[in-house]
Amino acid sequence: MVFAVSFNLNGIASIASAVFMVVYLFVLLSHFRLAEEVGGRRSIIAVGLGTIAAVFLLLMRYQWSTDRGAFYATWGTLAGSLIVEAIYRGLTKRGIVTRS
């Protein structure tokens with residue numbers, strides 16, 4: 001609701017796109033790390049990682065030059081999700097499991 005009141009549709013779409021790209025970057029990074037186990041060519045995954053990272057950086061530059069509010073809201077959303085995750089892990093006493 002806060003986003004709907006604070007931003008126009010372009011800003012909301014830009015923030016959602018940036019958050020989606022961050023999620024996709026982590027999916028690709030996980031796939032890269034687990035390529036031996038789950039299958040996949042690391043060279044192709046690396047190209048995907050580079051492409052999505054470049055598009056994310058271009059989107060951040062675009063947000064900075066056209067809508068600084070969306071730029072700050074994107075980083076605030078990402079920071080907020082990390083804070084919520086840290087609180088959740090603290091309350092549930094769950095840790096990050098490292099798999100070999």
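**View 1. Confidence along the protein chain of the predicted model.** The protein chain has a mean pLDDT of 91, and 97% of its residues reach 70 or more. Among the elements of the chain, helix H4 has the highest mean pLDDT, at 96, whereas helix H1, which covers residues 2-6, has the lowest, at 74. Where pLDDT is low, the predicted coordinates should not be read in detail.

**View 2. The crossing of helices H4 and H5.** Helix H4 spans residues 42-66 and helix H5 spans residues 68-92, and their axes come within 5 Å of each other while crossing at roughly 135°. H4 is therefore oblique to H5. On the H4 side the contact is made by Phe56, Met60, Gln63, Trp64 and Thr66, and on the H5 side by Arg68, Ala70, Phe71, Tyr72, Thr74 and Trp75. Sorted by class, the residues in this contact of H4 with H5 are 7 nonpolar, 3 polar and 1 charged.

**View 3. The largest pocket and the residues that line it.** The largest pocket has a volume of about 500 Å³, and its lining is formed by Val22, Leu25, Phe26, Leu78, Ser81, Leu82, Glu85, Arg89, Gly95, Ile96 and Val97. Helix H2, residues 9-33, and helix H5 each supply at least two residues of this lining, and H5 gives the most, with 5 residues. By class, the lining of the largest pocket divides into 7 nonpolar, 2 polar and 2 charged residues.

Note on methods
Residues are numbered from 1 along each chain as its sequence is written. This is a predicted model: local features need pLDDT of at least 70, side-chain atom pairs count only at pLDDT 80 or more; totals for chains, interfaces and linings use all residues. Side-chain values use heavy atoms; hydrogens and water are left out. Axes are lines fitted to C-alpha atoms, for helices over the stretch in contact, and angles run from 0 to 180 degrees between N-to-C directions. Helices (H or I, at least four residues) and strands (E, at least two) are DSSP runs, numbered from the N terminus. Angles under 35 degrees count as roughly parallel, over 145 as roughly antiparallel, 65 to 115 as roughly perpendicular and the rest as oblique. Contact means heavy atoms within 4.5 Å. Ala, Val, Leu, Ile, Met, Phe, Trp, Tyr, Cys and Pro count as nonpolar, Asp, Glu, Lys and Arg as charged, and the others, Gly among them, as polar. pLDDT is the predictor's confidence in each residue, from 0 to 100. On a 1 Å grid over the protein atoms alone, a cavity is a set of points where a 1.4 Å probe fits but cannot get out, and a pocket is an open set with protein on both sides within 12 Å along at least five of seven lines; lining residues have an atom within 4 Å of a point. Grid points are joined across faces, edges and corners, and a volume is the space filled by probe spheres set on the points.
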